Each structure stands twice: as structure tokens, then as C-alpha cells.
Amino acid sequence: MKKVILVFVCSLFIICLNGQERDTLFLKSYDNLSSLIDKSYLKDLELTEELIAYYIQKAEGESNAKETIRGLSKFIDLQINLRQFDTFEAEQEKMFALATTDVLEQELAAINYKLGRSYFFQGRIGKSMEMQTRALALAKKQNKMELESSILMQLGFVKSFVGDREASIKYLKQALALSRRKGVEPSSSTHKSNLKSETVTLYYLSLAYIRSKVKDSAKAYLDQAIALNKIVKDSCLSKTLYRTQGEVNILYGKYNEALSNFETSKTYCLPVGELESLVYSGLYGKAYIGLKAYAKAQTILQEGLDNYKVSEEEEGFMEDHYKMLAKAYKYNGNIEKSNFYFEKYILTTEALNKIQDTVVAVFKQQELKAFEAELDAINSEKNNFKYSVAVSVVIILVLLVFLFRFSRLKKKNEAKFKMLLEKVNTENNVGSVSDDVKDEVQEDNSSDINEATKHQILEGLNKLEEQEYFLRQDCNSYNVAKKIKTNTSYLSKVINSHYQKNFNAYINDLRINYAVLKLKNDNRFRKFSIQSIAEEVGYKSADSFTKYFKKQTGLNPSFYIKKLNALD
């Protein structure tokens, strides 16, 4: 009996404690709860999830739409950072459904921007751009210039990442103009915020020129950013700017100065996170390779990689790191490790291309939506005769231009088809009828390979061609080198020297040549779907097959099949 009473008392005590804890949370403001969530974020994920759930429950219980949106955004942000991308569809839909007023749309603009940044740092670039472009439209609608400037900076950075320097600089200069807008009191908080925004934009401009290896422009914009930050006095920004100064010095070949910049950078905005450590190891490695201190480069690059688990989404960003590791191991005499990282470098190049293609596709989709929105705005005023006439004229002109371009494209494609067919009939080979830029070929440094080895590699390649090994999806430089008993480095050099193309171009040419001939000679093969044809000739996706088919022939495979069927 005593035991029963003791258990009952203990249970009652625990219930009271839980009740007191919830009462304590109930008394806290939303700002207090938000602060608690931020503090627990990196220490106790379970507690963070419970606090966010309570935040949402409290907001919904009080019918507070603004705070409900904020709570839902905190939940989504946590899931993104935990890389659980399939767990918040319902919360996202609820968040957008709640934003029915101008005030809530302003809230949603900032949230979309924040979530876009979270996606970006998890390697989900396409999704990041969707959120950022949605945020930009809302910021413009609400005249939120400060937010608009931040979003333009982010878009400019991503444009430089995909190699579109012109568009990148356009976005960044728009952001700079917003930061430098006149009519703001020097003593106001807006002025201070604008100064910081201007500093960050100048940094992004410098970064865009670094990516393009235009060192003088990169240095000029960075010097302006450093000078402004002496007024802003932002420690974390100082870390970034000194680190970037090191990158600029690498462009100038001033490797010791770059190392000094990196050391200075690490003294600001402590501590250095795991991802930052990986970034620093890559930068130190680049400087040491410039100094030909390959042993130091190898050590620091390998340590950076060992201390950070690179996710599948992040592989596309590791191109430079793997390439430098391959080089460091090569000059330290470890050919096996060098080949391993060279192979990873090749694979990450493909991953990077996929990321870049995704980003370009998202931008194109957003441009199309913007164009459609402009047309909708014009059509909404069609009751006005003047605008009706203008719209009619524009539509007619667009249709005429479209018909003209379609006609020209059709004639051009028919000419390409005729030329391709003549090549196939006379040479039994596709060659190339496109005007695309050729794949980059590495410098001819095959002189260090003896003639017997070259002959062995070329003979092995011929045998694999006869066996149609190139049609297998696992046909990569590593497996081919293994089959002909050589290494990927020698294989690449011999292909570059003998065929004047890199390994990927060599395999793609064989596959496309095979596809063109088989489609011409086998009408049953033409009845396959593009996906099935792609898989048949060694590609995993219809998009990759279509891309290389068009690059090699100048035609889409569907057009080629249609014209062949017409001949029958």
C-alpha cells in the first residue's frame, strides 16, 4: 500500500513539474520563444523540435497567422538543415495559404529568402532559386528595397556560380544601386543597414570576378568592400573579406601573402564551423600547390576532407578540392591515390554540370513566368482601347517573329538532317554538323608515355569499341583503364593526344555515332521511347542523351527519327 501511495505521489509531482514548465513557456513572448529555439538549435535537436511545435501550437491556439507562419518557417528551416527534404510539404502549403494579406506577404518574402539560403547551403541550388525568385517578386510588390537588395545579391552569386558573369554582374549592380539609394538620413538605422548591404554586394562582385579570373576587377571591388567594413565593423564580414583577399592574392601568384590573409581571417567571428574548415583547407591547399609545397597541400586537403562528411548533394562543389588532391598525390609519388581522386574529380565535374543545368533551367522557368505575368498585366487593361491595340500589335509581332524563327529553324534542321544523312551514307560515320564549342582538350603531355604503352592503350580501346563496351552505363575512365590494364591518367593523355578530345567526348561520340546508325538502319529501334533509346546506348537519362545527340548532330533525336520515318 505504501508503495502504491509513493508511486502516486511521484507521478503527481512529475505532472506538476510538466505543467509548470508549459505554464512557464506560456508566459513567454514569441520573441522569447524564438530566442530559446535559436539557443537550442545546435545543442539539443529534440528540445528544438519540441519548442518549435509549442511555438506553432501557441500561435494557432491564439489564431495569430503571422506567428503561425514564423513557427512553420522555423520547422521547415530545421528540416532543411537536417536534410529531411520530404517531411514538410503540408507545413509549406499551410504557410503559403495563411499569407492572404499584404502584411503577411511581407513576412513571407523574408521567410522565402531565408529558406532559399538554407536550401543553398545544403546543395539544393535549384530549390534555393525557386524560393529566392518567389521572394524577389514579393519584395518588389511590397517595395521592400532592403530585402530586394539581399535577394539580388544571392541571385547574382548563383549566376556567377553557373558561369554567367554578365547576368551575375547585372544582378549585383542592381543590388548595389538599391544599397546606395539617396534620401536616407546618415544617422538612421536604414543608412547603417545600407552600408552593410553595400559592403556585402561589393564582396559578391569581387567574388564574381574571382570566378572569372579577372583579378584587377576582383581586387578593386574587394578593396572598396574592406574600406567600407572599417565603418560597418562587422567581425564575420571581416573574416569573409580577408579570406577573399587571400583568393585574390592567389590569382596574382602571391601565395605567401594569401596564406597570411587566411590566418588573419580565422581570427575573426569565432568559432570556425565544420564546413568553413573544409573551405579553408581547400584554400590553403591551393596556396601550397602554388608554392609547390605538395606534401603540405596533400596533408591539409586530406585532413579537410576527412573531417567533413561530404553529402551527395555537395559532391558537385568538390571539383577543385579533388583536382588539387589528385595533383598533390601525383607529385608526392602516390599514383594510386592520385588516380582515385582524379576519377572523383571527373565524377564531380558531371555532378557540377547537373547542378548548373538545374539552376539554368530554374532561371529560364522564372523568366517565362515573369513574361507571362507581364502579359497578364497588359491583358487586364484590355478594356482600354489604346492598350488593346498595343497588345494586339505586340501579339501579332511576336507571332510573326515566332513563325519566322520557326521557319528558319525548320529549314536549318532539314539542311542539317540532309548533311547528316549524306555523312552516314558515304562514310558510315556521323562526324559533327553542329556549331557548338568543342570539349576542352588538355595540353598534349603524352610525351612521357612510351610508344609501346601508347600502342597497348590504343589497341585495347579498339577491342573495346569492337565489343561495343561504350554502350554500358558503367563505361567510365576508371573501368576502361582497368580493362586495358593501364591507369586513368595515361588513358586520358593518350585519348587527348590521338583523338584530340577528352575521354567523355570520346565515349559520347561513339554512343551517338552508334545511335544515329542504328536509328537509320533499324525502324523498330525508332519506335522505342527516347528514354529507352538513351538507356540502350549507355545513358541513364533521356536529357543527357538528347543533349549530346544535339551537340554532335545539331538535331534533336525526335526530329531525326521523324525525318527518317518520313523517308520510309
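In this predicted model, the charged end of Lys266 sits over the ring of Tyr280, at 5.8 Å from the ring's centre.

**Aromatic pairs**

The structure as a whole holds 18 aromatic pairs. In one of them, Tyr284 and Tyr288, the ring centres are 6.5 Å apart and the planes meet at 25 degrees, so the pair counts as stacked, the cut-off for stacking being under 30 degrees. Both tyrosines belong to helix α14, where a spacing of four residues separates Tyr284 from Tyr288 by about one helical turn. Tyr284 is buried, with a relative accessible area of 4%, and Tyr288 is buried as well, at 17%.

**The disulfide**

A search of the whole structure finds one disulfide, which is formed by Cys236 and Cys269, with their sulfur atoms placed 1.7 Å apart. The pair links distant parts of the chain, given that 33 residues separate Cys236, in helix α12 (residues 235-251), from Cys269, in the loop between α13 (255-265) and α14 (274-290). The link between Cys236 and Cys269 is right-handed, with 55 degrees about the S-S bond.

| Residue | Relative accessible area | Class |
|---|---|---|
| Cys236 | 38% | partly exposed |
| Cys269 | 23% | partly exposed |
| Cys475 | 9% | buried |

Because a residue must fall under 20% to count as buried, Cys269, at 23%, is classed as partly exposed, whereas Cys475, at 9%, is classed as buried.

**Helix α11**

Helix α11 covers residues 215-232, and its 18 residues reach 25 Å from the first C-alpha to the last, which is close to the 26 Å expected at 1.5 Å a residue. The buried residues of α11 are Ala218, Tyr221, Leu222, Ala225, Ile226, Leu228 and Asn229. What follows the helix is Lys233, a residue with a positive phi near 60 degrees.

Asn229, which is found in helix α11, has a relative accessible area of 5% and is therefore buried. When its neighbours within four places in sequence are left aside, Asn229 is in contact with Thr199, Asp234, Leu237, Ser238 and Leu241.

**Confidence of the model**

The chain averages a pLDDT of 78, and 77% of the residues score at least 70. Confidence is lowest in helix α1 (residues 2-27), where the mean is 49, and highest in α13, where it is 93. Over residues 12-23 the pLDDT stays under 50, and for this stretch the model has two contacts beyond four places in sequence. The pLDDT is also below 50 over residues 432-441, although this stretch has 25 contacts in the model beyond near neighbours in sequence.

Methods. Residues are numbered from 1 along each chain as its sequence is written. This is a predicted model: local features need pLDDT of at least 70, side-chain atom pairs count only at pLDDT 80 or more; totals for chains, interfaces and linings use all residues. Side-chain values use heavy atoms; hydrogens and water are left out. A disulfide is a pair of cysteine sulfur atoms within 2.5 Å. Helices (H or I, at least four residues) and strands (E, at least two) are DSSP runs, numbered from the N terminus. Buried means under 20% relative accessible area, exposed over 50%, partly exposed in between (1.4 Å probe, protein chains only). pLDDT is the predictor's confidence in each residue, from 0 to 100. Contact means heavy atoms within 4.5 Å. Rings of Phe, Tyr and Trp (its six-membered ring) pair if their centres lie within 6.5 Å; planes under 30 degrees apart count as stacked, over 60 as edge-to-face and the rest as tilted. A charge sits over a ring if NZ of Lys or CZ of Arg is within 6 Å of the ring centre and within 35 degrees of the ring normal. The expected span of a helix is 1.5 Å times one less than its number of residues.
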